[in-house]
Amino acid sequence: MSAEFNPNIVAFLCNWCSYAGADLAGTSRVNYPSNIQIIRVMCSGRVNPLYVMNALQQGADGVLVSGCHPGDCHYMEGNFFARRRLGMLKDLMEFVGVDPKRFHMSWVSASEGHKWKEVVEKTVEDAKEAGPFEGFRRRQIDW
Amino acid sequence: MTEKPKVGVYVCHCGINISSTVDVEAVAEFAGKLPDVKVAKTYSYMCSDPGQTLIKKDIEEHGLNRVVVASCSPRMHEPTFRKAISEAGVNPYFLEMANIREQCSWVHEEIEEGTAKAKKLVSASLAKVRLLEALETTEVDAEPAALIIGAGIAGIQAALDIADAGFKVYLVEKTPSVGGRMAQLDKTFPTLDCSACILTPKMVDAASHPNIELLTYSEVEEVTGFIGNFDVKVRKKARYVDFDKCTGCGDCAAECRVKDRFPSEFDQGMGKRSAIYLPFPQAVPAKYTIDAENCLYLSKGKCGKSPKCQDVCGAGAINFDQEDEMVEFKVGAIIVATGFDPFDASRKPEYGYDDYPNVITGMEMERLVSASGPTGGKIKVNNGEEEIEPKEVALIKCVGSRDASVGNEYCSRVCCMYVAKQAHLLRDKLPDANIRIYYMDVRAFGKGFEEFYDRVRRENVRYIRGNPSEIFKRGNKLVVKVEDTLNSRPLEDEVDLVVLGVGLEPRADMREIMELLRLSQSPDKFFLEAHPKLRPVDTATDGIFLAGCAQGPKDIPDTVAQAKGAAASAMIPLARGKVTINAQVAIVNEATCRGCGYCVNICPYTAIEMITINRFGNEVEVARVNEALCKGCGSCSAGCFSDSIQPKSFRDSQILPQIAALGVMR
Amino acid sequence: MKMDLEQLRKTAAEVVARDDVKYLVGWKQGTYGYRVAPGFVEDAAGAAELIFSPLCTANLATYLTLVEELPIPRGQEPDDRKVAVMVKGCDSRAVTQLIVEKGIKKDEVVVIGCPCPGVVDPNLLAEKYPETEDQVEMKWNGEGFLLLRGGEETKIARDEVLAEKCRLCRYPNPVYSDIMLGDPVEPWETDEDKGVEEVEGKDVEERAEYWAEQFDKCVRCYSCRNVCPLCYCQDCVLDRLNPTWVNRAVNFSENTAFNIARAFHLGGRCIECGECERVCPANIPLGKINRKLAREVRDKYGFEPGVDPDAEPFQASFKPDDPEEFIL
């Protein structure tokens with residue numbers, strides 16, 4: 001099935017909940033699509049919303065940001081800031097014509113290995129539907 | 001200048017954990033061709049001794065200055081490899097791990113996809129490792145003293161342990177006496193030790209210990225600083241009694257013009273006290289306090305010709321001009337032991353606590369049954385018409401606990417046993433009475449609990465499973481309406497006395513402490529610990545610990561155990577005399593900072609402040625990070641428009657290349 | 001029009017005469033046609049040149065932060081005197097927002113508020129009444145405008161040339177000022193934001209196409225950024241090289257990234273003065289993006305920037321019950 005489109009997904013996960021949840025999915029041998037590549041940050045509050053834009057520009061077809069559930073943030077409030085900033089970014093991206101299927105945010109705790117799998121599947125499926133991101137992707141220049 | 005990166009990439013087989021789904025040799029070969037990579041190798045177990053030695057040898061042979069380990073989660077072995085490379089002379093923060101096990105080989109099946117993804121993860125790690133910076137952990141001195149807020153059994157125990165270890169302790173208590181809730185209890189389950197008998201010696205010890213500075217009738221007003229270096233301000237409220245002169249003789253209270261007019265807090269309002277009072281006979285310190293709200297002289301400005309207490313005090317201790325006094329000191333650690341409030345039974349109006357004098361709470365029962373209580377230990381209740389000795393007694397458990405309708409879904413953990421204990425004590429005093437306990441479940445989980453529960457049942461105390469729906473009056477009896485759920489029989493049980501086994505709730509004033517110390521609450525509204533299993537006495541703020549019921553309902557042994565745990569944890573910085581500051585903290589580029597202060601607003605640790613600097617003759621405000629307070633979360637950075645504040649090891653300049661590396665190979 | 005020029009010039013002269021005021025920024029007649037220039041007034045003579053008319057579209061609040069802090073030679077003291085600035089309703093919101101985010105301090109400025117019945121869109125005006133080199137005067141005239149040129153008076157209906165931002169304006173009267181000139185104007189019924197709605201009405205692909213066409217035109221002159229009163233970082237991240245958020249190449253990809261990033265940085269901060277759109281040489285409807293985001297912030301988060309000088313900045317605060325229906 002070489003014709004099938006395999007989206008390239010970049011995910012930003014907080015160290016304490018979602019990254020640990022993704023680790024747990026591994027420990028529990030939960031299978032999920034390999035399209036997703038994780039960048040670890042200490043807190044979802046660290047995720048500069050412009051990373052999402054930058055990832056799309058640099059070749060991602062979909063972006064996921066995941067943090068602790070509200071109230072569970074290791075740093076108390078970081079995920080609340082992430083929620084506000086990324087919620088606003090999502091509205092903005094949608095308005096300028098970026099398919100909302102390309103960007104997701106989730107709360108995944110350290111004990112939610114299975115939820116992590118579901119989130120990945122949803123993100124990958126949505127990115128597949130949206131198709132390869134051509135939009136404002138940075139052109140590679142081969143000299 | 002940093003030298004040019006020379007990177008070693010190490011791909012782990014992890015037995016077959018990785019190599020069964022990732023072609024590790026192919027990954028190493030791929031990595032070997034990437035820029036700045038000097039060596040790329042695989043090994044069966046990188047974390048093993050030989051694995052670590054391999055890295056160390058390469059560092060020496062090839063002059064490597066950065067290392068990428070592609071293996072398991074950094075949450076697992078990052079400290080291991082940090083240590084290894086630092087032993088070989090490379091800064092421990094020149095390490096990046098590619099998680100190709102938990103997030104690759106274990107979750108994907110096909111070797112092609114596993115290998116392809118592993119390559120991308122390695123190249124992303126490589127992109128970052130080349131740009132990492134060397135970091136040093138620093139240490140600052142810690143003040144060898146502790147502040148303990150709350151002098152109940154938890155606070156007293158923690159204070160004694162820390163003081164015995166040779167450190168200074170400031171023990172702050174809001175009320176005029178130490179002792180807390182435990183002092184109000186009569187006997188303790190399951191051993192039936194007299195509560196006062198085991199507590200008062202400790203109260204006296206706390207007061208007389210040379211290392212403990214007891215600050216009763218005092219409140220913490222301000223705490224700033226960080227672990228090892230907290231600056232504390234405490235308000236010593238005016239007692240209007242000279243602390244040093246008062247002998248505790250009690251002549252003043254006996255002569256007070258409003259003698260025995262006010263409900264005694266200690267007796268849960270069942271006994272009365274004067275406007276000048278000692279909370280209870282064994283109070284420590286045994287110094288009288290004037291209740292300014294009720295004192296005629298202080299509230300109305302006039303008390304007969306002259307205040308009687310002043311007239312009779314032989315020591316001349318009464319001082320109406322006394323004012324609140326501020327005390328400031330420095331500590332290295334703080335223990336919060338502020339305790340609990342009993343559930344307010346008025347919030348279950350169906351039980352008629354506000355309507356019938358013979359519906360009482362468990363805490364009131366403690367005072368009623370106590371030999372030092374308002375009735376001298378005699379069980380006398382008013383049934384609305386007369387004072388009687390009850391013949392029919394019902395005790396109801398889970399009042400205000402395990403009850404979503406009042407917002408308390410948790411179990412209060414002590415009610416099962418204190419209700420059993422009270423049934424036992426009632427049986428002692430009322431040998432002929434019929435005593436029954438209405439319950440949902442009996443949780444007798446502790447040491448000696450089940451045995452005690454059995455003993456009480458054998459003492460002709462009936463346990464009836466059912467949660468009463470209503471209590472009302474019929475004649476001079478109270479009717480408990482309930483369904484016996486074991487044989488599905490509705491009952492209307494006529495009794496003379498109902499004891500509500502009220503649960504434990506967070507203190508009504510806990511928000512003040514929360515805001516003062518910036519602590520969080522768990523869903524049950526008690527203070528949130530740093531980790532429910534592994535850090536049950538810590539808080540999210542380093543150097544601040546929890547003890548006793550402030551963290552959640554507990555019985556006395558658990559409270560004492562947690563207090564000792566908190567004391568032991570609090571003593572770590574005190575004993576070391578130093579605290580280590582996290583190296584991965586945020587840093588401000590003062591040249592580009594525009595001084596908007598967003599980061600100051602965002603930081604949950606108040607680690608950032610605005611300072612004025614001189615920029616070419618102009619005074620400008622910029623942000624500055626207090627490294628001792630910063631936890632390196634980076635929330636400030638994502639909110640900074642000029643990218644001026646950046647968490648070390650997670651800078652934009654380190655993450656953007658990572659994103660690029662993941663993108664280019666799609 | 002309740003406020004007369006005499007009062008404005010008199011007040012300005014009084015303000016600049018104060019010892020604690022360095023200069024005053026107001027509007028003055030431009031060199032030709034419909035041009036209006038910022039006037040930096042230091043004395044009474046300068047004050048006599050000031051005007052306030054429907055042509056005074058520019059938001060002068062930007063000059064509060066645009067001024068460069070030059071190195072001060074050793075031995076010299078910095079000039080700590082205040083800067084006075086004349087503001088319309090929308091401009092005053094920029095001042096308020098600047099106070100919120102410490103871009104300026106209350107005691108560093110003297111804000112002179114000018115209640116504003118609405119200004120013209122210079123492009124619309126020039127389209128209908130072609131611009132000549134003659135200097136013109138323009139006045140508010142009842143419900144409309146009066147154009148005076150070469151001794152001729154032309155009545156213009158308000159709707160004909162009113163600037164888009166004014167159709168949507170809910171704050172014609174300054175929300176923050178030290179001195180208020182004239183009487184407040186009666187706020188008017190605001191229009192639906194048709195510009196934003198039109199784009200919202202498209203499906204996502206059409207929107208992508210629409211903006212592709214727009215951003216393709218961008219020449220990256222940075223006028224939008226430079227005129228914006230709230231873009232005042234000394235060192236903008238969007239033209240910094242390390243890290244590189246946006247390459248310097250002028251192409252569709254980088255232009256889009258630049259515009260998205262700038263719009264995001266204005267999220268919860270933009271006070272909808274429309275200056276970015278006015279100055280854009282490529283006529284990119286930048287106002288639509290900023291107004292869209294401002295509306296989302298208002299509707300979803302109940303927050304409006306630039307109305308309360310003591311507010312917490314939107315992007316540096318949160319509410320526990322912020323919307324999260326988009327979160328998986």
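Residues are numbered from 1 along each chain as its sequence is written, while chains are lettered from A and ligands numbered from 1 in the order in which they are written. Since the model is predicted, local features need pLDDT of at least 70 and side-chain atom pairs count only at pLDDT 80 or more, whereas totals for chains, interfaces and linings use all residues.

Let me begin with chain B. Along its principal axes the C-alpha trace of chain B spans about 95 × 70 × 40 Å, and the chain holds 18 helices and 36 strands, where helices (H or I, at least four residues) and strands (E, at least two) are DSSP runs numbered from the N terminus. Of its 666 residues, 51% count as buried; by that term I mean that 20 or more other C-beta atoms lie within 10 Å of the residue's own, with exposed standing for 12 or fewer, partly exposed for anything in between, and C-beta atoms placed from the backbone. Among contacts in chain B between residues at least 6 apart in sequence, 70% join residues at least 24 apart, a contact being a pair of residues whose C-beta atoms, placed from the backbone, lie within 7 Å.

The largest nonpolar core has 359 residues, and B:V9, B:V67, B:A70 and B:A146 touch the most other members; such a core is a set of buried Ala, Val, Leu, Ile, Met, Phe, Trp, Tyr and Cys residues joined through C-beta atoms within 7 Å. Leaving out residues up to four places away in sequence, B:V67 touches a group that includes B:V7, B:I55, B:F81, B:I85 and B:F94.

Now to one helix, α7 of chain B. Its 14 residues, 195–208, should span 20 Å at 1.5 Å a residue, and this agrees with the 20 Å between its end C-alpha atoms, the expected span being 1.5 Å times one less than the number of residues. Which residues of α7(B) are buried? They are B:S195, B:A196, B:L199, B:M203 and B:A206. Seen down the axis of α7(B), these buried residues fall within an arc of 95 degrees, so they line one face of the helix; the arc is that of the directions from the helix axis to the C-beta atoms. On the other side of α7(B), B:C197, B:P201 and B:S208 are exposed. The elements covering the buried residues of α7(B) include α6 (153–164), β7 (168–172) and β10 (212–215) of chain B.

A few local points in chain B deserve attention. B:S370 lies in the loop between α11 (362–369) and β21 (381–382) of chain B, and B:S370 is buried, because 21 other C-beta atoms lie within 10 Å. Apart from neighbours within four places in sequence, B:S370 is in contact with B:D186 and B:G377.

For the backbone, most residues other than glycine have a negative phi, and most peptide bonds are trans. B:D36, however, is not a glycine and has a positive phi of about 70 degrees; B:D36 sits in the loop between α1 (24–32) and β2 (37–43) of chain B, and counts as partly exposed, with 13 C-beta neighbours inside 10 Å. A cis peptide bond, with omega about 0 degrees, joins B:V284 and B:P285, and B:P285 is found in the loop between β15 (276–277) and β16 (289–290) of chain B.

Turning to the contacts between chains, how many residues does each side give where chain B touches chain A? The contact takes 40 residues from chain B and 37 residues from chain A. The largest share of the chain B side, eight residues, comes from α18(B). By class, that side has 18 nonpolar, twelve polar and ten charged residues, where Ala, Val, Leu, Ile, Met, Phe, Trp, Tyr, Cys and Pro count as nonpolar, Asp, Glu, Lys and Arg as charged, and the others, Gly among them, as polar.

Finally, chain C is divided into domain 1 (5–68 + 80–180) and domain 2 (194–316), with bounds that come from an automatic or database domain assignment. Their centres, taken over C-alpha atoms, are separated by 24 Å, and 21 residues of domain 1 are in contact with 20 residues of domain 2. The largest share of the domain 1 side, nine residues, comes from α4(C).

Definitions and conventions:
Two residues are in contact if their C-beta atoms, placed from the backbone, lie within 7 Å.
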